Amino acid sequence: MKIQSKIYLYNFLTVVFALLTFVSMGSVGSLPFYTVAVNVALFVMLTRLCCNKENHLRRILKNRRRQKKVQLSVYKSTAASRPAVSVA
């Protein structure tokens, strides 16, 4: 699986778990408090985990793109006139 696909997947899961956190918080009146607290804590941890994984993958992708930049070198046609000039 490509990194960009994983980023989209973690982004989607982050949104889903965040929505489930709010749904769990909304069920305070209908469920026991302990169950609501466990559900909210679980979904908060899953949301944070997915968000951290997504950010980690974005950093990896950014570093790979930075390393791929091509460095051009310009050379004179006659070697005796001047040394090569490197353009970054």
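Glu54 and Arg58 sit together in helix 2, 4 residues apart, which is about one turn of the helix. Helices here are DSSP runs of H or I with at least four residues, strands are runs of E with at least two, and both are numbered from the N terminus. The model is a predicted one, in which local features need pLDDT of at least 70 and side-chain atom pairs count only at pLDDT 80 or more, while totals for chains, interfaces and linings use all residues. Residues are numbered from 1 along each chain as its sequence is written, and side-chain values use heavy atoms, with hydrogens and water left out.

Side chains of opposite charge can pair when their charged atoms come close. Glu54 and Arg58 do form a salt bridge, with 2.9 Å between the closest N and O atoms; the term requires a side-chain nitrogen of Lys or Arg within 4 Å of a carboxyl oxygen of Asp or Glu. The structure holds 1 such salt bridge. Its two partners can be told apart by their accessibility. Glu54 has a relative accessible area of 8% and is therefore buried, whereas Arg58, at 40%, is partly exposed. Buried stands for under 20% relative accessible area, exposed for over 50%, and partly exposed for values in between, with a 1.4 Å probe and protein chains only. Beyond its neighbours within four places in sequence, Glu54 touches Ile7, Tyr10, Asn11 and Thr14, where contact means heavy atoms within 4.5 Å.

The secondary structure of the protein chain amounts to 2 helices and 2 strands, and from the N terminus on the elements follow the order α-α-β-β. Of the 88 residues in the protein chain, 17% are buried. Among the contacts with a separation of 6 or more, 55% join residues 24 or more positions apart. The protein chain exposes about 7400 Å², and carbon and sulfur atoms supply 64% of that area. Accessible areas come from the Shrake-Rupley method with a 1.4 Å probe, and for residues the protein chains shown are the only cover counted.

Helix 1 spans residues 3-26. With 24 residues, helix 1 reaches 35 Å from its first C-alpha to its last, close to the 34 Å expected at 1.5 Å a residue. That expectation is 1.5 Å times one less than the number of residues in the helix. Helix 2 covers residues 33-67.

The buried residues of helix 1 are Ile3, Ile7, Thr14, Phe17, Thr21 and Ser24, and helix 2 is included in what covers them. In helix 2, the buried residues are Val36, Val40, Phe43, Thr47, Cys50, Glu54, Leu57 and Leu61. These buried residues of helix 2 pack against helix 1. Leaving aside neighbours within four places in sequence, Thr47 is in contact with Thr14, Phe17, Ala18 and Thr21.

A pair of aromatic rings is described by the distance of the centres and the angle of the planes. Rings of Phe, Tyr and Trp (its six-membered ring) pair if their centres lie within 6.5 Å, and planes under 30 degrees apart count as stacked, over 60 as edge-to-face and the rest as tilted. By this rule there is 1 aromatic pair. The rings of Phe17 and Phe43 have centres 6.3 Å apart and planes at 25°, so this pair is stacked. Phe17 in helix 1 and Phe43 in helix 2 are 26 residues apart, and their pair links distant parts of the chain. Phe17 has a relative accessible area of 15% and is buried; Phe43, at 16% relative accessibility, counts as buried too.

Finally, the cysteines deserve a look. The structure holds 0 disulfides, a disulfide being a pair of cysteine sulfur atoms within 2.5 Å. The cysteine sulfur closest to that of Cys50 belongs to Cys51, and at 8.7 Å it is too far for a bond. Cys50 is buried, with a relative accessible area of 5%, while Cys51 is partly exposed, at 31%.
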